[in-house]
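The points are grouped by topic.

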Amino acid sequence: MKKRIKPKLYTLSTCVHCKATKRFLKEHGIDYDYVDVDLLDGEEEDRIRDEVVKVSGGFRFPTIVVGKKVIIGFHEDKLKEALGI
């Protein structure tokens with residue numbers, strides 16, 4: 001069985017689409033890493049904001065990174081394809 005790539009999520013704690021993405025992954029038993037960007041401060045916030053812009057070309061949420069694929073927003077079909085489910 002192929003090892004699944006662990007998605008990395010850049011989210012906002014208050015974002016309904018971010019919450020839907022986390023719920024979707026949990027419902028499908030997919031382990032993921034995430035950072036709620038709006039709960040950061042100082043240098044860490046600056047570093048993560050730069051990271052989001054670098055991977056997505058903008059500052060939109062959720063930004064989901066699965067391997068080399070970047071998905072902006074909650075798109076169930078794109079997530080399923082990227083995760084092979």
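Asp36 is buried, with a relative accessibility of 12%, and its side chain forms a salt bridge with that of Lys22, at 3.1 Å from N to O. The model discussed here is a predicted one. The points below begin with this pair and then turn to other salt bridges, the strands and the nonpolar cores.

**The Asp36–Lys22 pair**

- Lys22 is likewise on the buried side of the cut-off, because its relative accessible area is 16% and buried means under 20%.
- Asp36 belongs to strand E2 (residues 33–36), whereas Lys22 belongs to helix H1 (residues 16–27).

**Other salt bridges**

- The whole structure contains eight salt bridges.
- One of them joins the side chains of Lys6 and Asp33, with an N to O distance of 3.3 Å.
- Lys6 lies in the segment before E1 and Asp33 in strand E2, so this pair connects parts that are 27 residues apart in sequence.
- Both partners count as partly exposed: Lys6 has a relative accessibility of 41%, and Asp33 has a relative accessible area of 37%.
- Lys6 and Asp33 also belong, together with Asp31, to a network of salt bridges.
- Glu81 and Lys69 meet through their side chains in a further salt bridge of 3.6 Å, N to O.
- This pair links distant parts of the chain, as Glu81 is in helix H3 (residues 76–83) and Lys69 in strand E4, twelve residues apart.
- Glu81 is exposed, with a relative accessible area of 58%, while Lys69 is partly exposed at 40%.

- Strand E3 (residues 63–66) is covered on both faces.
- Thr63 and Val65 are buried on one side of E3, and Ile64 and Val66 are buried on the other.
- In a regular strand, side chains alternate between the two faces of the sheet.
- Strand E1 (residues 8–11) runs antiparallel to E3 and is joined to it by three bridges.
- Lys8 has Val65 of E3 as its bridge partner.
- Strand E4 (residues 69–72) also pairs with E3 in the antiparallel sense, through four bridges.
- Within that pairing, Ile64 is opposite Ile71 of E4.
- E3 and E4 make a hairpin with two residues between them.
- Gly67, in the turn of this hairpin, has a positive phi of about 65°.

**Nonpolar cores**

- Which residues make up the largest nonpolar core? Its eleven members are Leu9, Phe24, Leu25, Ile30, Tyr32, Ile64, Val66, Ile71, Leu79, Ala82 and Leu83.
- H1, E3 and H3 are the elements that each supply two or more residues to this core.
- The greatest contribution comes from H3, which gives three residues.
- A second, separate core has ten residues, among them Tyr10, Cys18, Val37 and Phe61.

Definitions and conventions:
Residues numbered from 1 in each chain as written. Predicted model: local features only at pLDDT ≥ 70, side-chain atom pairs only at ≥ 80, totals over all residues. Heavy atoms only, no water. Buried < 20%, exposed > 50% of the residue type's maximum accessible area, 1.4 Å probe, protein only. Pairing = 2+ DSSP bridges. Salt bridge = Lys/Arg side-chain N within 4 Å of Asp/Glu carboxyl O. Core = buried A, V, L, I, M, F, W, Y, C linked by side-chain atoms within 4.5 Å.
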